[in-house]
Structure formats: structure tokens, C-alpha cells
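Dear colleague,

Please find the structure below, handed over for your use. My notes on what was found in it follow.

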Amino acid sequence: MELLNQAKYKRECYIMKKEEIITKVVNVIIDTMEKKNVLPWDQGILPVNGIEAISWSTGKAYTGINRLVLNMAGNRNGEYATFNNIKQAGGKVRKGEKSLPVIYYMMWNKEEKRPAEKNDNPDDVVPLLRLYNVFDVTTQVDWSDKGYKSKRTEIPEITEVETDKNIDSMIDTFAINTNLIIEYDAVESAYYKPLNHSVHLYKPEYHKTLAGYYGTAFHELIHSTSKGLKRPLGVGFGSEKYSAEEIVAECGAMLLGNILGIATKKENNNSAVYIAGWKKSIKQNPAWLFEGITKAEKAVDYFLQNSK
């Protein structure tokens, strides 16, 4: 997909059909998968120091599918704003710079064709998707004499990748609070067993790197949140529910690693066939990615709440 550039950007916001917006956003991700030979949840999409792409107008990090799009296809340290926001602040988007799409939900009064208000008839109000095109104000914009001022409020410290007693304690506390059994008895691969709510891992010393150990542990722990969050799991490798749940676990492990300062790099490199397989699946089922990252964020919140 060709990304929208400055010349084509004539409107501040696009209100489109949900299917059209999903297709547009997922195509950006698929295009990046092809160009960079990465998956949306690969190590490196989110940096270990906790810095992510943020909205320049609010200073807040993006969530959901916007988080994947901007950190994967854009500048992970970027601060994003619309063309008009940049212009009003005294900046000028450089010629030829390409924007990235972000989406927002809004409630819409379908009868009066306007944003919904508090006292509107509930029968007239429907959820609607809005698509905005944004540019990174730190790398794609020339600024006036007033200059550019960062909206970041804090920059987390980088944590070295090593066995972290605090994280190990959090995992133990999570297991106690959620009645999860953790066994270090994996033979062929680590896994989560819903039948008795248990996670089975290799011992840390059996991993080539501690980052690999934590990446695997986080993945299976995210699977285990399915019980508390009542998230259905797929039965059988390759089934739709199985694949959709894998996206939740992969994204959740990436987010946990980012939050806790551990580079959860996997010990097996992605083959071209593996990436092609996921690309095909995501293209055929774009909702998996939209729903997967949202469910992953809920799973991470659940883990953090129960690990205190």
C-alpha cells in the first residue's frame, strides 16, 4: 500500500466505513512486514527503555492498533500530529514526507449527522471510526523560530537484561493471586495447560539468553490470563481461535517486556516462510490484529494488577 503523502493530504479527518479503515491500517502493517522482514510483535518494535510513539497534542502514548502502526512503521521515539496541528503550531511538513494512519472511535448521531451529545436519543447514536493522517514532528517537520518543544513528560531508565528478582517476585505473586501453577518441566516446548491452569517452562539456565527465558515466560503467562479474563482459547494448532490467541500472547509478551525493561527477544529467528504465513493470515483476518493488541493490553493490565 502506498502511504498517504503531504500532497494528497487535504482533509483533517476521514470518516469511513469500518472495513475500509481496518483494511487501510492493516495494509500499512503488512507493507512494513514485507519491507523490514519483521512481525508486529517482534523484539525491536517497542524499545526496551519504555519510550514509545506519542501524540504530540496530548503527550500520551498510543494504544491498540495505533501503537503497532506507529512503532512498527514509523519512528518509535516519535511525537505525532496532524498536518493542521503542525501548521497551527508554526511547523511545516517537509515536501514528500509520508504520513501514517491512526484511528479513533467516536459516538455519532446518525440522524443529525454530527458527533453525539450527552442527551441524544440512544437509538440515534452509533459508534463510528475516524481516521487521521499524522506526521512525526521530530523528524518530518521544519519549525519556525519558536522551535519544537517535546511533549514527553518523562524518559524511563534503561534496565540491563539480567535475572531480575523483582520481576521473578512479580511472577510468583501473580501465580499466587490467580491460583496459577508454574512448573519448570517443559521438554519439547513451553506451554499453558488450561485444564489445571498451569504454565510449563524450561528452567532459566536451559535458555541461551535470559531475554529468551523472559520472552517465553511472558508469552505463557499472557495465555494464562485467559482464565481470569474469560478469553476463549483455540483448540488445535492452526485453528482460527488458536491463531488469534497467539497474536494476543505475542503482543502481550512484547508489551510486558517493554514495561518491565526486559528485551524479550526470542531465540529463534523468523524465517521468510513463517513471516509469509502470518502475513497471509493477518491479511485474511485483519480483525485478529485489531482485537489482539487490545486484548493483549487488557492481559498485561491484569498481570500487573495481580502481581503486586
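This is a predicted model: local features need pLDDT of at least 70, side-chain atom pairs count only at pLDDT 80 or more; totals for chains, interfaces and linings use all residues.

**The chain overall**

The protein chain has 308 residues, of which 48% count as buried. Its secondary structure consists of eight helices and 11 strands. Among contacts between residues at least 6 apart in sequence, 74% join residues at least 24 apart.

Helix α1 covers residues 18-36. Its 19 residues should span 27 Å at 1.5 Å a residue, and because its end C-alpha atoms are 27 Å apart, the span agrees with that expectation. Several residues of α1 are buried, among them Ile-21, Ile-22, Val-25, Val-26, Val-28 and Ile-29. Lys-24 and Asp-31 also belong to the buried residues of this helix. After α1 comes Asn-37, with a positive phi near 55°.

Helix α5, residues 210-228, has 19 residues. From its first C-alpha to its last it reaches 28 Å, close to the expected 27 Å. This helix is mostly covered, with 15 of its 19 residues buried. Lys-230 follows α5 and has a positive phi, near 55°.

**Met-254 in helix α6**

Met-254 is part of helix α6, which runs over residues 240-260. Is Met-254 buried or exposed? Met-254 counts as buried because its relative accessible area is 7%, and the cut-off for buried is under 20%. The C-alpha atom of Met-254 is separated by 6.1 Å from that of Trp-41, although the two residues are 213 residues apart along the chain.

**The second largest pocket**

The second largest pocket has a volume of about 380 Å³. Its lining is made of 21 residues, and those nearest its centre are Gly-64, Ile-65, Ile-103, Tyr-105 and Thr-294. Which elements each supply at least two residues of this lining? They are α1, α2 (64-73), β5 (100-109) and α8 (286-305). Of the elements, α8 gives the most, with six residues. By residue class, the lining divides into 11 nonpolar, six polar and four charged residues.

With kind regards

Note on methods. Residues are numbered from 1 along each chain as its sequence is written. Side-chain values use heavy atoms; hydrogens and water are left out. Helices (H or I, at least four residues) and strands (E, at least two) are DSSP runs, numbered from the N terminus. Buried means under 20% relative accessible area, exposed over 50%, partly exposed in between (1.4 Å probe, protein chains only). The expected span of a helix is 1.5 Å times one less than its number of residues. On a 1 Å grid over the protein atoms alone, a cavity is a set of points where a 1.4 Å probe fits but cannot get out, and a pocket is an open set with protein on both sides within 12 Å along at least five of seven lines; lining residues have an atom within 4 Å of a point. Grid points are joined across faces, edges and corners, and a volume is the space filled by probe spheres set on the points. Ala, Val, Leu, Ile, Met, Phe, Trp, Tyr, Cys and Pro count as nonpolar, Asp, Glu, Lys and Arg as charged, and the others, Gly among them, as polar. Contact means heavy atoms within 4.5 Å.
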